[in-house]
Amino acid sequence: MQAIWKGAVSFGLVHVPVKMYASTEDKDITLRMLHREYKEPIQYKRTCPKCEEEVPWSDIVKGYEYKEGQYVTFEHQELEDLVSETSREIRIIDFVDWSEIDPIYFQRTYYLSPEETGQHAYKLLVNALEATQKIGVAHVTIRQKSSLAAVRVIDGVLSLVTMFYAEELRDKSQIPNLPDKEKVDRRELDMAKMLIERLTGNFEPEKYRDEYKARLRGAIEDKMEGKEVQTTTEESTANVLDLMDALQASLKQLKPFDETDKDSKPSKRRAASRTKRTGA
């Protein structure tokens with residue numbers, strides 16, 4: 001596994017030398033754009049609209065358009081010089097409860113492994129976070145991109161979750177067609193709560209599958225064998241106009257509540273799931 005960043009986690013005067021690794025990998029099936037007639041990949045060239053010639057990377061600079069058609073430009077080294085000296089540091093500012101952070105702030109998760117000289121400090125931070133059930137809110141710069149971040153423990157391993165800054169979130173007032181804050185029908189609310197309780201369980205990520213990718217892979221195999229791609233149309237759910245009817249029909253599709261499962265209440269299952277997720 002290739003490290004993508006090298007630096008240290010710091011809190012107070014404590015430094016934990018670490019390397020950063022991507023925690024996920026792209027499993028998408030790549031489809032290239034081809035010329036329909038010749039089945040050749042389409043190429044893109046870096047051309048200047050003024051001279052109409054291809055521009056080599058050595059002649060490309062980055063620029064900010066401050067007025068239409070007017071730019072201030074930066075050489076690569078100028079941008080490098082602007083990076084703070086703490087760009088190799090995951091600097092923890094605060095420790096907070098995991099439940100305080102809304103998931104809308106989360107971007108991408110990375111694993112952190114200790115350098116040989118920092119294994120003791122690494123384990124100390126892991127144990128301290130597990131014991132206090134806290135996560136660290138930090139600043140980090142990865143590939144010239146500054147991010148807010150959360151430092152947490154996943155199954156005994158330090159991880160870093162990049163986060164959006166508050167200013168990067170769009171104002172909810174921009175969302176069209178939001179309903180007014182009116183009271184809902186009590187019976188409909190009770191039915192909706194019952195449906196949610198019946199569908200509540202532990203989060204088991206391995207049971208979820210990318211169904212589109214599976215269908216695409218099957219279609220690729222069919223085409224490779226010269227077969228016609230077979231598609232099946234899923235039966236659409238009947239259009240239930242009345243909300244109460246829809247709630248009642250949904251409950252009828254579920255198996256009756258198991259009376260022997262009383263000890264496995266949703267609240268307990270959710271608590272167990274949170275404990276597993278935080279690594280506490």
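A residue counts as exposed when its relative accessible area is over 50%, as buried when that area is under 20%, and as partly exposed in between; the legends below apply these classes to a predicted model.

**View 1. Overall fold of the predicted protein.** The protein contains 6 helices and 9 strands, and of its 280 residues 21% count as buried. Its accessible surface comes to about 22900 Å², with 51% of that area belonging to carbon and sulfur atoms. Among contacts between residues at least 6 apart in sequence, 62% join residues at least 24 apart.

**View 2. Helix α3 and the residue that caps its N-terminal end.** Helix α3 comprises the 13 residues 186-198, which at 1.5 Å a residue should span 18 Å, and the C-alpha atoms at its ends are 18 Å apart, in agreement with that expectation. The N-terminal end of α3 is capped by Asp-185, one of whose side-chain oxygens lies 3.0 Å from the backbone nitrogen of Arg-187.

**View 3. Helix α4, its buried residues and its two ends.** Lys-213, Leu-216 and Ala-219 are the buried residues of α4; because they cover an arc of only 125° around the axis, they lie on the same side of the helix. At the start of α4, a side-chain oxygen of Asp-210 comes within 3.3 Å of the backbone nitrogen of Tyr-212, while just after the helix Gly-226 adopts a positive phi of about 80°.

**View 4. Two of the aromatic pairs.** The count of aromatic pairs comes to 3. One of them joins Trp-98 and Phe-106, whose rings are stacked, with 5.1 Å from centre to centre and 15° between the planes. Trp-98 is buried because its relative accessible area of 14% falls under the 20% limit, whereas Phe-106, with a relative accessible area of 21%, is partly exposed. Phe-203 and Tyr-208 form another stacked pair, with 5.8 Å from centre to centre and 25° between the planes. Here Phe-203 counts as exposed, because its relative accessibility of 53% is over the 50% limit, and Tyr-208, with a relative accessible area of 47%, is partly exposed.

How values were computed
Residues numbered from 1 in each chain as written. Predicted model: local features only at pLDDT ≥ 70, side-chain atom pairs only at ≥ 80, totals over all residues. Heavy atoms only, no water. Helix = DSSP H or I, 4+ residues; strand = E, 2+ residues; numbered from the N terminus. Expected span 1.5 Å × (residues − 1). Polar contact = N/O pair within 3.5 Å; in protein donor to acceptor, adjacent residues only side chain to side chain. Buried < 20%, exposed > 50% of the residue type's maximum accessible area, 1.4 Å probe, protein only. Contact = heavy atoms within 4.5 Å. Areas by Shrake-Rupley, 256 points an atom, 1.4 Å probe, with all protein chains shown as cover. Arc of directions from axis to C-beta. Phe/Tyr/Trp six-rings, centres within 6.5 Å; stacked < 30°, edge-to-face > 60°.
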